[in-house]
Amino acid sequence: MKKVITGNHAVSYGAQLARTQVISAYPITPQTQVVELLSEFCASGKLKAKFIKVESEHSAMTACIAASLTGVRTFTATSAHGLALMHEMLHWAAGARTPVVMANINRAMGPGWSVWTDQNDSLSQRDTGWIQLYCESNQEVLDTTIQAFKIAEKLLLPVMVILDAFVLSHTSEQVDLPEQSVVDQFLPRFELKTKLDLSHPSAYGGLTNPDHYFEIRYKIQKAHEQALAVIKSVNDEFNELFGRKYGVIEAYRCDDAKVILVTSGTITSTARVVIDTMREQGRKVGLLKQKLFRPTPTEQLREVLFKAQKIAVIDRNISFGHSGVFAQEIKSSLYGLAGAPPVFDYIIGLGGRDVTPDAIYEIIDNTFKTDVPNEPIIWRGVRL
Amino acid sequence: MRWTIKEKELMYPGHVACPGCGGALAMRLALKALGEKTIVVLPACCWTIIDGPFPMHSLHVPVLHTAFETAAIAATGVKAGLDVRGKKDITVMAWAGDGGTLDIGIQALSGAAERNDDIIYTCYDNEAYMNTGIQRSSATPKGAWTTTTPQQTPKLEPKKNITEIMIAHRIPYVATATLAYPEDLINKYKKAQSIKGTKFLHVYAPCPTGWKMAPDLMIKICRLAVESNIFPIYECENGINYTVNIQPQKKLPVFEYLKLQGRFSHLTQKDIDEIQKSVDFERQLLLKRAAKS
């Protein structure tokens, strides 16, 4: 069934179609609509889930972790300061190997207070052990939410589905809502092998001395390494049933490209238009959309990017004292390859400042015109 | 007198509590009351250690360890998951220290109480951060020594009254208990188990190490705390109906309680008189509330 819905509601429908069993959430702009609609689904019986309306995001994440360990499918959604407040429990979710799924609406961190989009909130959670998937359209948000449960449950790792504040969260698009029966086929009832169980009265997450802790961390990393193959197979299965697929990255018009632009989130859609325009003008430019941020799809990135002469990365984030986070990851992925192309790191659009087609055009044009980056980061649109 | 407490143990020997630990005995008794169909949630507290390091585990019930400030909500999460799975006959008990309850965990506890989540919450109160080495908490009584309230400047503020704070949430059941009165404690856990909604049990659990007293005085100090009205044993239903369960036969001076603990050894007669005055005042308040209900 086709329906015009916002990005936020695409998340809600995804969690509902996945038959989430326990939801726990706290309101925060611009996420709130996600849990408002889920509350309605629960109230009307359209979703048979227990919804715990907690007093903080820290508690929201804790409730999901604890419920997950009884063997039920859990979901929450948040944004910016809510995500930051959860930080301790994000480590806990991955450390406890709970397949919690969460949507994070990318919003800038205060102060000053900003409800508008940038990526510093989710990228600050890079090292917590969560899988991170960035979305470009409302359809992708819905499809990724459904897939996220399957990925999480196969790997016993938590998954974060990420979408831009307002540009996606509050923008309506046509979305194809899949049939419940097909989603059920794709995503069968969740079974957790090791859980809180009276017949096996074990302790979970207790004091772990140096004889054991190290191996637990090793296994989390191994699960992340398996994730690339798992995400691909989940994606392929989804494509067979629903006829839509999203790679961990997407290469758009990259084959003979001299400059490849790297984007994530909704900037990708704007960039596609710019790439088409420049291709019409005879410029050899391509676009790489990075959907999967963690685990890093190193091989996939190398395969596409190595062929280019230059790479321009758009970072709607800043790791203070270093550079944009996506650019760091791209550089790290290319490190050690002889003749790897130079990486230009453009910081733009922090705190929701508009990223226009003209700005993207200029970024690509500047990259063509410059042999190597003259500075480690290149700011765009700063008004001093 | 007949011994009415079940002999079956759900806490094994081999746990790593200090000698004379009130918190260890409190858990042993609580589980005797609640039985095997119980899941315990432990935030950071002495019990994180007492239960034993992985792969050891000293309780015969499942335990979920969780972060310091999350005891109540983790218990709620477990209960929600079990409910969805149709396992409605399992008691979920959060078991937190005074720091995890009165300080860092009070937000999640208040949230659970406001929602009337169906959990038992125990605060085993040893009146300081004992697991980290005796630092003051908001449960530390006025005048006490801790490593962060040294003798030159002992704690200046009175103990936060968590029992009354929880009663003010109008949850179905709030009770105090201590180890010198094990049958009272066990009856209260059984009562809590029979009630739906949030149940809060404030268990006075001495720490001989942190209180600078001999471990074999643990039970005696519990009795003296009750007889001197330092820690009254009472319960309150629905935030309104108070019952004082143990009525001290004679009014024991607080000095009899204080003098056995090194943490109070620096107190002057004036300090002791002030404590006595404050205890008498609180006693009258409680009796008034009980008389009204």
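## Reading a two-chain sheet

Mentor: Let's begin with the sheet in this predicted model. Nine strands make up an open sheet with mixed pairing, in the order S9(A)-S2(B)-S1(B)-S3(B)-S4(B)-S6(B)-S5(B)-S7(B)-S8(B).

Trainee: What makes S9 of chain A and strand S8 of chain B stand at the edges?

Mentor: S9 of chain A and strand S8 (241–244) of chain B each have a single partner strand, so one side of each is left without a neighbour in the sheet.

Trainee: How do you know that S9(A) pairs with strand S2 of chain B?

Mentor: Pairing takes at least two bridges between two strands. Two bridges join S9(A) to S2(B), residues 63–65, and these strands run parallel. A:Ala203, for instance, has B:Val63 as its bridge partner in S2(B).

Trainee: Why is chain B called as compact as a globular protein of its length?

Mentor: Its radius of gyration is 18 Å, close to the 19 Å that the globule rule gives for 293 residues, so chain B is as compact as a globular protein of that length. Of those residues, 54% count as buried. The C-alpha atoms of chain B fill a box of roughly 60 × 45 × 40 Å along the principal axes, and the chain has eleven helices and eight strands.

Trainee: Now the contact between the chains: how many residues does each chain give?

Mentor: Chain A gives 35 residues and chain B gives 34. On the side of chain A that touches chain B, S2, S3, H3, H4 and S9 of chain A each supply at least two residues. H3(A) gives the most, with seven residues. By class, that side of chain A has 18 nonpolar, 13 polar and four charged residues.

Trainee: Over in chain A, what makes strand S14 largely enclosed?

Mentor: A residue is buried if 20 or more other C-beta atoms lie within 10 Å of its own. Six of the six residues of S14(A), 310–315, are buried, so this strand is largely enclosed by the rest of the structure. Both faces are covered: A:Lys310, A:Ala312 and A:Ile314 are buried on one side, and A:Ile311, A:Val313 and A:Asp315 on the other.

Trainee: Which strands does S14(A) pair with?

Mentor: Four bridges join S11(A), residues 259–263, to S14(A), with A:Val259 opposite A:Lys310. Five bridges join S14(A) to S15(A), residues 343–347, where A:Ile311 stands opposite A:Val343. S14(A) runs parallel to S11(A) and to S15(A).

Trainee: Why is the crossover from S14(A) to S15(A) called right-handed?

Mentor: The chain crosses from S14(A) through helix H11(A), residues 325–334, to S15(A). With the strands pointing away from the viewer, a path over the helix that runs clockwise counts as right-handed, and this β-α-β crossover is right-handed.

Notes:
Residues numbered from 1 in each chain as written. Chains lettered and ligands numbered in written order. Predicted model: local features only at pLDDT ≥ 70, side-chain atom pairs only at ≥ 80, totals over all residues. Contact = placed C-beta atoms within 7 Å. Nonpolar A, V, L, I, M, F, W, Y, C, P; charged D, E, K, R; others polar. Buried ≥ 20, exposed ≤ 12 C-beta atoms within 10 Å, placed from the backbone. Rg over C-alpha atoms; globule rule 2.2 N^0.38 Å.
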